[in-house]
Amino acid sequence: MGVSIYYAATRPTPLSPAERAAVDAIIGRYPLDRLVSDVGADSRRFDGEDFLVYPPGEETEPGTVFEGATGLPLSSEDALWAATRYWCQLLSEVRLALPGANWQVHIDDHDIPWDEERQEFDPSA
């Protein structure tokens, strides 16, 4: 049984080409191999997934402009926590690049709140 982090942003206006490019650039700054290295895991034993955004047109709700899910590693608590923080950093940057969107980020049934003061998703809350 796996554990995933799920994320979705909705708003009335679709992503502009500039926003789509900004999101792609942010995602490009968060490669899976850097996470594996940060965790200190053997890449053959690391059981987490690369960040996934669903292709446009596969949204589950009308008005969804960004949505996806990423499997988290279960090989150790440290790996799970490191991956959660890593993907929350990425999602925080994406949120800031998409003004006016309503966000939902959660790990299975645990919501990850947005910390307005620090301008980031806080998985420790």
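Helices (H or I, at least four residues) and strands (E, at least two) in these legends are DSSP runs, numbered from the N terminus. The model shown in every view is predicted.

**View 1. Gln119 in the loop between strands S5 and S6.** Gln119 is found between strand S5 (114-115) and strand S6 (120-121). The phi angle of Gln119 is near 60 degrees, a positive value in a residue other than glycine. Gln119 counts as partly exposed because its relative accessibility is 31%, which falls between the limits of 20% and 50%.

**View 2. Asp108 in the loop between strands S3 and S4.** The loop that holds Asp108 runs between strand S3 (102-107) and strand S4 (110-111). Asp108 is not a glycine, but it has a positive phi of about 50 degrees. With a relative accessible area of 31%, Asp108 is partly exposed. Asp108 is also in contact with Tyr6.

View 3. Tyr6 is partly exposed, at a relative accessible area of 30%. Apart from neighbours within four places in sequence, the contacts of Tyr6 are Gly68, Ala69, Gln104, Val105, His106 and Asp108. Val53 lies 47 residues from Tyr6 along the chain, and the C-alpha atoms of the two are separated by 9.9 Å.

**View 4. The open sheet of four strands.** The strand order is S2-S1-S3-S4, with antiparallel pairing. S2 and S4 are at the edges with a single partner strand each, so one side of each has no neighbour in the sheet. S1 and S2 run antiparallel and are joined by eight bridges; Tyr7 has Gly68 in S2 as its bridge partner. S1 also pairs with S3, in the antiparallel sense, over six bridges. Ala9 has Trp103 in S3 as its bridge partner. Helix H3 packs on the sheet and touches S1, S2 and S3, and the direction of H3 makes about 170 degrees with that of S2.

**View 5. Strand S2, residues 64-72.** Nine of the nine residues of S2 are buried, so the strand is largely enclosed by the rest of the structure. Within the sheet, S2 stands at an edge and has a single partner strand.

**View 6. The largest nonpolar core, with 31 residues.** Ile5, Phe66, Trp87, Leu91 and Trp103 touch the most other members of this core. At least two residues each come from S1, helix H1 (17-28), helix H2 (32-39), S2, helix H3 (77-97) and S3. H3 gives the most, with nine residues. Beyond four places in sequence, Ile5 is in contact with residues including Gly68, Ala69, Thr70, Leu72, Trp87, Cys88 and Leu91. Val105, His106, Ile107 and Ile112 are also among the contacts of Ile5.

**View 7. The crossing of helices H1 and H3.** The two axes come within 10 Å and cross at roughly 165 degrees. H1 and H3 are therefore roughly antiparallel to each other, since angles over 145 degrees count as such. The crossing in which H1 passes H3 is right-handed. On the H1 side, the contact is made by Glu19, Val23, Ile26 and Ile27. On the H3 side, it is made by Leu90, Glu93, Val94 and Ala97.

Technical notes: Residues numbered from 1 in each chain as written. Predicted model: local features only at pLDDT ≥ 70, side-chain atom pairs only at ≥ 80, totals over all residues. Heavy atoms only, no water. Buried < 20%, exposed > 50% of the residue type's maximum accessible area, 1.4 Å probe, protein only. Contact = heavy atoms within 4.5 Å. Pairing = 2+ DSSP bridges. Core = buried A, V, L, I, M, F, W, Y, C linked by side-chain atoms within 4.5 Å. Axes fitted to C-alpha atoms, helices over the stretch in contact; angles between N-to-C directions. Parallel < 35°, antiparallel > 145°, perpendicular 65-115°, else oblique. Left-handed = near helix turned anticlockwise from the far one by under 90°.
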